[in-house]
Amino acid sequence: MSVRNLDFLFKPSSITLIGGDRRARSVGAVVARNLFNAGFDGPVMPIHPDERSIEGALCYKSVEDLPITADLAVICTPDDTWPGLIDQLGRRGTKAAVIVAERCSERSDDGLEPHRRILDAARPHLLRISGPNGLGVMVPARGLNASMIHVNALKGDLAFVAQSGAVVTSVVDWATSRGIGFSHVISLGDMADVDLGDLLDYLAADPGTRAILLYIEAITAARKFMSAGRTAARQKPVVVIKAGVTAEGARVAASHAGALAGSDAVYDAALRRAGMLRVGALNELFDAVETLAMGLPINGDRLAILTNGGGIGILATDTLTTLGGHLARLQPETVTALDQILPAAWSHANPVGILADAKGKRYADSLTTLLDDRANDAVLVLNCPSAVGDSADAAQAVIATLKGRKHPVLTSWLGEGAATDARRQFAAARIPSYDTPDQAVRAFMHLVQYRKNHEMLMQTPTSVPEQFDVDGDSARIFIEAALAEGRSWLTEFEAKQVLQAYRIPVVDTRKAVTPDEAMQMAREIGKPVALKILSPDIPHKTDVGGVALHITTPEEVRAKAESMLARIRRLKPDAQIDGFTVQEMATKPGALELIIGVSDDPTFGPVILVGEGGLAVEVIRDHALGLPPLNANLAREMIQRTRIYNLLRGYRDQPAADIDAIILTLLKVSQLVTDFGEVLEIDINPLLVDDVGVLALDAGIKVAALGPRNSRRLAIRPYPKKLEQTRTLSDGQAFLLRPVRPEDEPLVQDMFEQMTPEDIRLRFFAPIKRMSHQMAARLTQLDYDREMALCAVAANAEGNEQIYGVVRVAADPDNQRGEYAIMVRSDMKGKGLGFLLMSEIIVYARSRGIHAIFGEVLRENTAMLQMCHDLGFTRRENTDEPGVVEVQIKLQ
């Protein structure tokens with residue numbers, strides 16, 4: 001489930017309280033007090049077998065005795081009563097329940113977990129459950145406080161969702177004292193039913209929610225979370241604090257949340273991929289939201305700092321560089337202009353130190369100069385109290401200077417007294433202001449990171465540096481052979497064969513069974529070679545002396561092989577030894593060593609790694625992570641996040657490495673783990689890279705038979721290649737029908753330009769002169785788990801690929817209804833392409849279990865209405881929009 005019936009949870013018209021109490025400080029008493037005293041405009045009906053009234057309201061003996069059906073039930077009873085109560089409520093027609101009480105036992109008397117028993121009771125009635133083991137929910141604008149939180153939250157437009165009750169109470173207490181309000185406060189508890197993904201979907205569509213704040217300990221449904229998170233982040237800021245950063249913290253978080261917490265670095269990669277902004281502390285959560293709310297148009301990470309105190313400028317610089325930002329370089333003309341308006345003792349560099357005696361005019365003149373310098377992306381203005389300065393005058397000067405200017409400016413006036421009044425004036429002028437330089441710089445970097453994450457969501461991927469065709473059948477031979485023999489690791493020779501099948505360059509590697517065969521192969525290679533032990537039981541060969549390098553003669557190869565075999569049989573007497581690999585010593589002077597790998601995260605499935613490789617890879621720990629499937633932009637961004645990227649760009653007389661070749665290798669590895677669910681781990685180390693390409697020297701691949709764990713293991717559904725097919729129209733024109741890809745944005749824009757203004761108006765219900773990047777990105781960047789767009793592709797007369805028609809269906813999170821849309825190039829109308837596309841999307845929707853497809857059509861679009869009639873759609877007039885007809889076809 002997802003958002004179905006969640007309106008009954010957050011917008012109920014009537015409530016029943018089960019387990020309310022009159023005992024002071026009991027859970028039932030606190031919940032009853034909150035329910036009856038938060039301003040809820042509707043009946044609250046307590047159920048209690050022994051009490052006559054609770055909070056002055058008449059009690060009923062049972063669910064059956066209620067005078068009306070309650071939309072929402074709030075349950076505060078022991079866990080052994082939950083399944084029966086849920087069943088009774090469901091039969092009565094209640095559609096949502098909040099279980100505030102804590103779980104008392106892990107298993108009930110019949111051996112079934114309480115979660116499973118309450119879900120079994122709720123499922124037939126489509127009754128949604130929040131909790132158990134949470135503090136409940138609050139919707140202040142509706143006067144709903146179905147929680148045991150000690151204070152009513154203020155009304156506002158921030159939604160706060162947390163997996164920790166203690167965090168919820170602390171944040172609400174903290175926010176209330178500062179006048180910060182919420183649209184929703186939700187304590188998730190055990191997430192037996194309603195989880196993070198459900199709430200992201202719901203809150204993304206809620207017009208009363210400006211931003212979503214999440215406190216996360218562990219995620220239980222990664223694919224749903226990623227789909228919902230990406231959808232929400234496209235519409236409003238989603239700011240996350242993830243607990244369990246350290247190994248010990250992750251262990252405690254996993255125990256607390258009842259789910260595998262996974263690697264913090266993997267969570268970081270997932271949140272970045274979903275377009276969410278991650279912060280490190282609770283106070284940053286609110287700072288980030290308020291900063292984002294200012295709407296500052298940040299275009300990069302170059303910060304200019306204007307300060308009347310050198311020390312605070314240094315502190316701000318330290319924080320900036322630590323967080324990955326950069327000090328802006330002052331343009332020569334900027335330095336010249338500042339020389340003319342500042343005392344000779346000014347810093348002559350960024351941070352721009354304007355001395356302790358700076359008054360308002362000096363601040364205004366300096367700030368104006370920095371605003372005119374296009375070499376910075378934002379300006380941070382700092383002020384510390386000074387006996388010879390005037391903080392209030394400086395603040396007023398800054399405010400006056402910024403009137404009518406759109407360049408991003410942040411401020412930090414230190415101290416109290418005049419600083420407090422200055423911060424108040426900045427807030428009134430909608431200029432971001434912070435108590436300390438550290439907070440201000442972090443706020444700037446929040447803007448930078450949020451922009452980067454959001455751009456990655458909407459970015460059009462570049463075409464891959466070169467196309468590659470894989471030989472999946474050859475790769476499958478080696479994978480299935482290992483599985484058939486009960487092995488979890490492919491040998492080095494087998495792993496390299498798989499990489500070669502995916503067109504990843506590997507060093508010439510040959511397999512030898514005996515030392516004599518190894519000698520013969522070295523003779524055939526005729527160059528210095530490397531000798532390695534070949535064993536499925538020894539993935540890390542150097543640990544047991546299983547690698548010998550730079551061997552120059554065949555005879556030396558045999559001698560090394562014999563001594564290596566004896567040593568390993570002594571150290572690993574139970575290891576299966578299949579022989580040796582003999583490979584030519586790679587000669588790439590100046591090449592850098594990288595590692596590209598794949599690991600299997602318990603929460604998010606396959607995770608791809610790139611970074612500095614070699615023997616010391618675990619000591620250096622320079623790597624970046626990403627979730628497959630990757631595209632060229634994502635792969636490049638991963639590489640740029642590593643420290644070794646600075647070396648890859650070239651330095652002194654060292655040419656830049658072939659970064660496109662690294663990107664292509666990452667894409668091939670991504671494709672490999674997408675194609676084979678059996679592949680759990682990949683280790684390519686070292687991967688040599690220089691200015692002419694890459695070369696894999698060593699490789700390992702771990703596999704496991706397909707099962708429940710790895711059948712849907714990708715957190716993001718990959719491109720569904722199996723939907724590709726060739727179809728021919730009645731006039732003989734053939735098209736490739738395939739899913740739309742993000743890289744199709746230019747083709748979709750070109751198709752738009754081939755359409756007449758009238759056809760565009762009929763499709764979009766309004767005249768549109770050009771298709772913006774944002775619009776085209778939304779049409780081409782699909783979450784294949786929730787929506788599908790099929791395009792008809794063919795080459796034009798010049799041999800260039802073009803799109804002639806696109807049809808899409810976007811299902812609701814519950815997969816009940818999907819809205820269709822279709823666009824056919826004007827010169828293709830009347831040839832049957834539209835009918836073909838509609839027929840195919842109906843077949844797809846039926847296969848996905850969507851119950852019905854609907855669409856809105858202008859009444860004057862008679863051709864579309866006739867086609868829908870021919871396909872079996874029914875129609876009805878849209879009473880809300882005159883001139884619009886809604887068409888629908890039931891599929892299930």
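Contact here means heavy atoms within 4.5 Å. Axes are lines fitted to C-alpha atoms, for helices over the stretch in contact, and angles run from 0 to 180 degrees between N-to-C directions. Helices (H or I, at least four residues) and strands (E, at least two) are DSSP runs, numbered from the N terminus.

This is a predicted model: local features need pLDDT of at least 70, side-chain atom pairs count only at pLDDT 80 or more, and totals for chains, interfaces and linings use all residues. Residues are numbered from 1 along each chain as its sequence is written, and side-chain values use heavy atoms, with hydrogens and water left out.

**Stop 1**

Select helix H10, residues 282–293. H10 lies across S10, S11, S12, S13 and S14 and runs at about 165° to S13.

Hide both helices and look at the strands. Seven of them form an open sheet with mixed pairing, in the order S9-S8-S11-S10-S12-S13-S14. Two strands count as paired if DSSP finds at least two bridges between them. Strand S9 (144–147) and S14 are the edges; each has a single partner strand, so one side of each is left without a neighbour in the sheet. On average, neighbouring strands of this sheet are turned by 25° against each other, direction ignored.

Zoom in on S12 (residues 211–216) and S13 (residues 238–242). These two strands run parallel, joined by five bridges. Pick Ile212: its bridge partner in S13 is Val238.

**Stop 2: Arg278 and its two partners**

Select Arg278 in strand S14, residues 277–279. Which residue forms a salt bridge with Arg278, the closest N and O atoms being 2.5 Å apart? That partner is Asp264. A salt bridge is a side-chain nitrogen of Lys or Arg within 4 Å of a carboxyl oxygen of Asp or Glu. Asp264 belongs to helix H9 (residues 264–273), and the pair, 14 residues apart, links distant parts of the chain.

Asp268 also forms a salt bridge with Arg278, at 3.3 Å between the closest N and O atoms. Asp268 is in helix H9 too, 10 residues from Arg278.

Buried means under 20% relative accessible area, exposed over 50%, and partly exposed in between (1.4 Å probe, protein chains only). Asp264 is buried at 17%. Asp268 is partly exposed at 25%.

**Stop 3**

Go to Arg636 and Asp660, whose side chains meet in a salt bridge (3.0 Å, N to O). Arg636 is in helix H22 (residues 632–640) and Asp660 in helix H24 (residues 659–675), 24 residues apart. Arg636 is partly exposed at 33%, and Asp660 is partly exposed at 34%.

Next, select Arg128, Asp193, Asp195, Asp198 and Lys224. Salt bridges that share partners join these five into one network. The count for the structure comes to 56 salt bridges.

**Stop 4: the largest cavity**

A cavity is a set of points, on a 1 Å grid over the protein atoms alone, where a 1.4 Å probe fits but cannot get out; lining residues have an atom within 4 Å of a point. Grid points are joined across faces, edges and corners, and a volume is the space filled by probe spheres set on the points.

The structure holds three cavities of 30 Å³ or more. The largest has a volume of about 110 Å³. Its lining includes Ala269, Arg272, Met456, Leu627, Leu634 and Met638. H9, strand S27 (623–626) and H22 each give two or more residues to this lining.

Stay here for Pro629, in the loop between S27 and H22. The peptide bond from Pro628 to Pro629 is cis, with omega near 0°.

**Stop 5: helix H18**

Select H18, residues 492–501. Seven of its 10 residues are buried, so H18 is largely enclosed by the rest of the structure. Among the buried residues are Glu492, Glu494 and Lys496. Just after H18, Arg503 takes a positive phi of about 60°.

**Stop 6: backbone details in loops**

- Pro351: in the loop between helix H12 (332–341) and strand S17 (352–353). The bond from Asn350 to Pro351 is cis, omega near 5°.
- Arg430: in the loop between helix H15 (418–428) and strand S20 (433–434). Its phi is positive, about 55°, although Arg430 is not a glycine. Arg430 is exposed at 52%.
- Phe765: in the loop between helix H27 (757–764) and helix H28 (773–780). Its phi is near 65°, a positive value. Phe765 is partly exposed at 31%.

Terms used:
1 Å grid on protein atoms, 1.4 Å probe; cavity = no way out; pocket = protein on both sides within 12 Å on 5 of 7 lines; lining within 4 Å.
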